[in-house]
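Trainee: Hi! Could you walk me through this one while I have it open?
Mentor: Happy to, just ask away.

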Amino acid sequence: MTRTRRFGPSVLLLVVALVLGVTGCGGDRSAERAAQGGGGGNRLSIATGNTTGVYYVLGGGLAEQISRHIPGYQATAEATGASVENIERVVRGDSDIAFTLSDSAGDAIRGTESFSAPQPIRAIARLYTSHVHVIARTDSGIKRVADFRGKRISSGSPNSGAEVVALRMMRVAGLDPDADVRRQALSLPETVQGMKDGTIDAMVWVGGLPASGITDLITSMGDEVAFVPLDDVLEGMRNEYGPVYEGGPLPKDAYGLPADVSTILVPNLLVVNESMDPDLAESLARLLIEHKADLVKVHAAAEGITAEEAPKTDPVPLHDGAKRYFG
């Protein structure tokens, strides 16, 4: 006959304590990480973007270079919704380093638009310039942003830089993004699939050149999709939201297009919590410049990183450590 073993109250209390201890080790570490100055000990988390975008690819390369060349640190790149989410993660201490568009970073510093108060972020460097991609199915009849009215539009991942730009362009074009457009906030992989399936008429995405997700779309659909020029909204974007937006071409060679397409350009920044250790911030700045060639091997967008342009992070102040490196 099997006998059931009974445990006394002291043993049960010990078991409960052990369970709580294990749960605590795997739970939310954001407060602990924030207390360590946004550095998270010797492990660094890099907030990037969608898996088929440039942030994610370049973030993986940056993580590898940090792990190789900054003694005592190991880094990991994490897929995210990108710019706004990335800034929020750095402020909370969930991530240590983040890629972001400079327009969203400027909003964070001022405490406007997506941010209810000024955020404690600082820049390590200006990176490369992103291009606004507006692509429409040719059967949608969309030739300009104003033609979004009544159409199914992907404005990018929630809390992404693409979403910020998409909403601003729609307003400049005289559209209410919530009333005049059948808007969907989708990641780049979801957006590309929706374009292929015909469930989305047009998309907005912002990133470096080339992005594998966009290459996939153009290669797969060919003449069934076309880039939409942005000449008609550029002046309004600059007048309404500032000179952070510049006009320029999306080169035809990026995606094998028949001709360049006029678009809007936005700089990218690498940002951290203002409380990051200055020595670490200085090492990150040095790594970007001195190991640029290794980053270029990961993605050609890293060609845009230069010692001359890197310190030009306005309106986001350089971190004191980065300032020390750039002099």
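Trainee: Is Asp-216 buried or exposed, or partly exposed?
Mentor: Asp-216 counts as partly exposed because its relative accessibility is 32%. Buried means under 20% relative accessible area, exposed over 50%, and partly exposed is in between (1.4 Å probe, protein chains only). Bear in mind that this is a predicted model, where local features need pLDDT of at least 70, side-chain atom pairs count only at pLDDT 80 or more, and totals for chains, interfaces and linings use all residues. Residues are numbered from 1 along each chain as its sequence is written, and side-chain values use heavy atoms, with hydrogens and water left out.

Trainee: Which side chain does Asp-216 meet in a salt bridge?
Mentor: That of Lys-196, at 3.0 Å from N to O. A salt bridge here is a side-chain nitrogen of Lys or Arg within 4 Å of a carboxyl oxygen of Asp or Glu. Lys-196 sits in helix α7 (residues 188-197) and Asp-216 in helix α8 (residues 212-221), so the pair ties together parts 20 residues apart in sequence. Helices (H or I, at least four residues) and strands (E, at least two) are DSSP runs, numbered from the N terminus.

Trainee: And how many salt bridges are there by this rule?
Mentor: The count comes to 22. One of them joins Arg-137 and Asp-139, with the closest N and O atoms 3.2 Å apart. Arg-137 is buried, at 11% relative accessible area, whereas Asp-139 is exposed, at 57%.

Trainee: What about Lys-292, which residue is its salt bridge partner?
Mentor: Glu-303, and there the closest N and O atoms are 4.0 Å apart. Lys-292 is in helix α11 (residues 292-298), while Glu-303 is in the loop between α11 and α12 (320-326), 11 residues apart. There is also a network: salt bridges with shared partners join Asp-279, Glu-282, Arg-286, Glu-290 and Arg-324.

Trainee: Switching topic, how many aromatic pairs does a search of the whole structure find?
Mentor: Three. Rings of Phe, Tyr and Trp (its six-membered ring) pair if their centres lie within 6.5 Å; planes under 30 degrees apart count as stacked, over 60 as edge-to-face and the rest as tilted. Among the pairs is Phe-227 with Tyr-255, which is stacked, at 5.9 Å centre to centre and 20° between the planes.

Trainee: Where are those two in the chain?
Mentor: Phe-227 is in strand β8 (residues 225-227) and Tyr-255 in the loop between β9 (246-250) and β10 (261-273), 28 residues apart. Phe-227 counts as buried at 13% relative accessibility, and Tyr-255 counts as buried at 9%.
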